[in-house]
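Subject: Structure handover

Hello,

Here is the structure you asked for.

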Amino acid sequence: MVKVSIVVTKRSRKSIATSTPVILLLSLLLGLVASYTLIWTFSKLDPISFFSTFYQTLISYTGLLEPLLFLTILGTAISIAFYGSFWNVGAEGQYVFGMLGAIYLVMFSPVSEVFLNGDSAANGVAKLLAVISGGLLGLLWSLIPGALKAYTRVSEVPVMLLMNYIAYSISDYLTAGPWKGRYTYGYIRTDMIPESSRLTVISGLEVLRYEVVIATIAVFAIAYLLIEYTRLGLEIKVLGSNPVALKSSGRNEKKTIILVSAISGFIAGLAGALRLLGYDYRLLYNIGDGKTGFYGYTAILVAWLSFKDLRFVIPSAIIVSALSSFGYRMQMFLKELLPPGVSAFAFSQIFIGTTLVVYSLARITKEYSVKLVVRE
Amino acid sequence: MFFPSRQSFLRVVDVTKRFPGVLALDSVTLELYLSEIHSILGENGSGKSTLAKVIAGIYVPDRGYIEILGKPMKLLSPVDAVNYGIYYIPQNPNLVERLTVVENILIALKSYSAFARVSEVRSLIVEESQKIGSLIDPEAEVSELSYTQRQIVELVKASLLRARVLLVDEVTTYLPTSVREKFYSYLRKLKSENKIVLLITHKVSEAVDVADRITVMRSGRIVKTIEKAEFDVDYVRKLMFGENGYISEPPKNVLLKDLTTENRRAVVKLDRVWVISESRGYALKDIELSVKPGEILGVVGISGSGQRELAEVLVGLRSIRSGRYYVDGLDVTNRGPEAIRAAGIGFISETPLYHNLSGDLSLVENLALATYGKLFLPLKLLTAKTRELMEKYGIISTSPKTPVKVLSGGNIMRFTIARELEFAKKALIVLNPSRSLDEKFKWSFINTIKNISRSTDMSVIYISESLDEVLQVSDTVAVINGGRIVGVFSRESVEREVLEKLMVM
Ligand SMILES: Nc1ncnc2c1ncn2[C@@H]1O[C@H](COP(=O)(O)OP(=O)(O)OP(=O)(O)O)[C@@H](O)[C@H]1O
Ligand SMILES: [Mg+2]
């Protein structure tokens, strides 16, 4: 009898084959090949048009850049929380709260005056304040599950899933009630924020905003510094790997849980504020209907794919945003080619699925070597 | 020599295993006969555990193979090895803390698809654990068991799996004399049933007492395998540590401190402390202890008498039901480890990966956790300091940035000792530190804390299951039994026999 077994051993040496860029390319490539094979069995679509669509997605990278930036910020927020075993599935709610914080400051607070008749310097400061107030609201929203976990040991996961819905409802309540706009042609939504409060479009790359690019770089760099070089970062890592050791070395576990929830929520809130000031310009009613792009949820995938390693947040965000834009393009493209009854959506899902599986496997084989052994 | 009765069962053939920067096994060849107790001796980091793990299919060797009954085998996972009747009792018991003993054993039996009827297993646990050494309550939660008791649970597991080759990694270090005798006869019984015991240990005396053959390892190589006729403690020590790198005797007692004239306030004082155990009544009952500056208080007792709980109370990890705890006259009762640590009290645990360190993080980061850096970590300084400690305490690690968990058991312990000695200023709480230390390092550690306490007035509470060590290190000896302190003596005024009696009464 032939017996095949799979042997997993921890890798003791790293090789080029398992370096990040190789893993990225490999997973995208295999995802492409798998989904093409499947499509071919149905539609005999020629490879040229298939691969050229993909190529187009890549060179029209602009569609990719915008989700990439937001997923990087949110992925960083969640990843930091993961280091401390604080399972922040509430980034979506914190992101919405970030939007609320920003629009409040810009339209309903005393600061709103500045945007109507301030000079550009005053505007700049006020914008910064709006972004920070978004961050602070995200922080507050995240502090609730953080404090509950620290003081009552209630698991943060169900609490935050619930709080995401509450955040949607609060936003809808404000949009339909106190913050309802006057110039909305009968739609339920807030008015647009004044031009002077919007973020700066980069000319030539209209999908981008200067402030968002700068914020993404700053958030990632500061997060990296925090995790690698500061005492707080160290304590967050110990909290996540051995909380007993954290306590017995005289550190305050509760304080660390609260801090990690606050930091994570602040960053997610920043992302929401940047979104509102840079792209959305107003709040829409029924925000939970996909009007957030579900970035807060998608970013969980980004953080998960980076496996508690901050350096992998960016490649993971690249993968996830490339997948969503290509999947979207392929759907439109395949609609005409596929026989009736076969869903284009399914194919884009297969592509996304295959790529993610390969990427995860490759990340695992970076740490472990897997051998197939056949014996008689 | 000719041994007609000998029948080879398992052979390790030319096995090499390399970890980053360390050659853990270097062309090791070893033959095990049916019906023998074979001891592996070697200092910390010499490759003992790695060898056992290769035999148990936990590590796949880089080169070489295992032969069973003359046939080369590929042992690619522990399940493979268990199918051949090979079972490894790890140095660090591998049990789920939050589950009971029965539950843990059922999980193991399931994963090797052996039978599993709860009531049957429950009574087998009672039966087997008594045979092995001491009774284990099947319904006790593992988190409440002492280290030794956890190892007995592992042994019960092996016995229920009908192991033919039992690889025992440092299990016997702390068994009290009575239990040890029982355990030895258990091993001899296994031998009479034609089984093989591979006994990994640091204790030369133990190997000489119980083994049929001894294999000595140093730096991943086999120095020599010797037969019973050649057993001689000094000779074996020489093989272990090299011609002159060994200490044949424990150090002579440094002058005892005269504590009677000291009228100083106690550094650490427990005043009628009661502590709840998770499942059964009180783990500590009415504990009165106090330690003066520079005093070394030994607390000795057999496994499971409350030592672990006592250490956790002193560190602040466990809450006090009634009574008070003072550090330097300051009431720190139930104020958590923060206040206690801030007072400069260090802690060396028998399970450093549970109590002291984060295994996933590097030596540097674990040093940082307890020492320097308020806002930013001075990584350069910390790395240099780690190197210095590695040098000073003989810690073998690929680099200061290696995750702690990949070091050998003894090296992890050495690192914990190094860090805590660096940190502690006022007092040091020590719980069974020598479990995974080789003899040479153990005595040098004991000397070090004696010298420090003499020269800096640092107090030490040395909690241990080893009476030898406690007698060697202490100014004052307290005996703990069933969660109570049943006697406190000054070291010179007490006979060993008195203490032994109190420990087991
Ligand atoms: N998984 C691993 N990864 C990297 N290095 C390892 C690993 N396991 C062991 N080593 C190294 O290999 C060497 C031998 O380790 P091993 O655990 O076999 O020693 P040992 O003889 O059991 O020592 P001790 O008495 O301290 O338990 C040590 O230097 C150790 O740091
Ligand atoms: Mg070992």
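Below are notes on salt bridges and on a metal site.

This is a predicted model, in which local features need pLDDT of at least 70 and side-chain atom pairs count only at pLDDT 80 or more, while totals for chains, interfaces and linings use all residues. Residues are numbered from 1 along each chain as its sequence is written, chains are lettered from A and ligands numbered from 1 in the order in which they are written, and side-chain values use heavy atoms, with hydrogens and water left out.

Salt bridges

Side chains of opposite charge can pair when their charged atoms come close. Over all chains, the search of the whole structure gives 42 salt bridges (a side-chain nitrogen of Lys or Arg within 4 Å of a carboxyl oxygen of Asp or Glu).

B:Lys17 and B:Asp62 form a salt bridge, with an N to O distance of 3.8 Å. They are 45 residues apart: B:Lys17 is in strand β1 (residues 8-19), and B:Asp62 is in the loop between α1 (48-55) and β4 (63-68). Helices (H or I, at least four residues) and strands (E, at least two) are DSSP runs, numbered from the N terminus. B:Lys17 counts as buried because its relative accessibility is 10%, and B:Asp62 is partly exposed at 46% (buried is under 20% relative accessible area, exposed over 50%, partly exposed in between, with a 1.4 Å probe and protein chains only).

In the salt bridge between B:Asp328 and B:Lys426, the closest N and O atoms are 2.7 Å apart. B:Asp328 sits in the loop between β14 (322-327) and β15 (330-331) and B:Lys426 in the loop between α14 (409-423) and β17 (427-431), so the pair ties together parts 98 residues apart in sequence. B:Asp328 is partly exposed at 29%, and B:Lys426 is partly exposed at 27%.

B:Lys385 pairs with B:Glu422 in a salt bridge, the closest N and O atoms being 3.0 Å apart. B:Lys385 belongs to helix α13 (residues 379-393) and B:Glu422 to helix α14, 37 residues apart. B:Lys385 is buried at 15%, whereas B:Glu422 is partly exposed at 21%.

Shared partners also join B:Arg308, B:Glu350, B:Arg435 and B:Glu465 into one network of salt bridges.

Metal site

B:Ser49 (OG) and B:Gln91 (OE1) coordinate the magnesium ion (ligand 2) at 2.0 to 2.3 Å. B:Ser49 is in helix α1 and B:Gln91 in the loop between β6 (86-89) and α3 (101-111), so the pair ties together parts 42 residues apart in sequence. B:Ser49 is buried at 18%, and B:Gln91 is buried at 10%. Donors are N, O and S atoms within 2.8 Å of the metal (3.2 Å for Na, K and Ca); water is not among the atoms, so sites may look incomplete.

Regards
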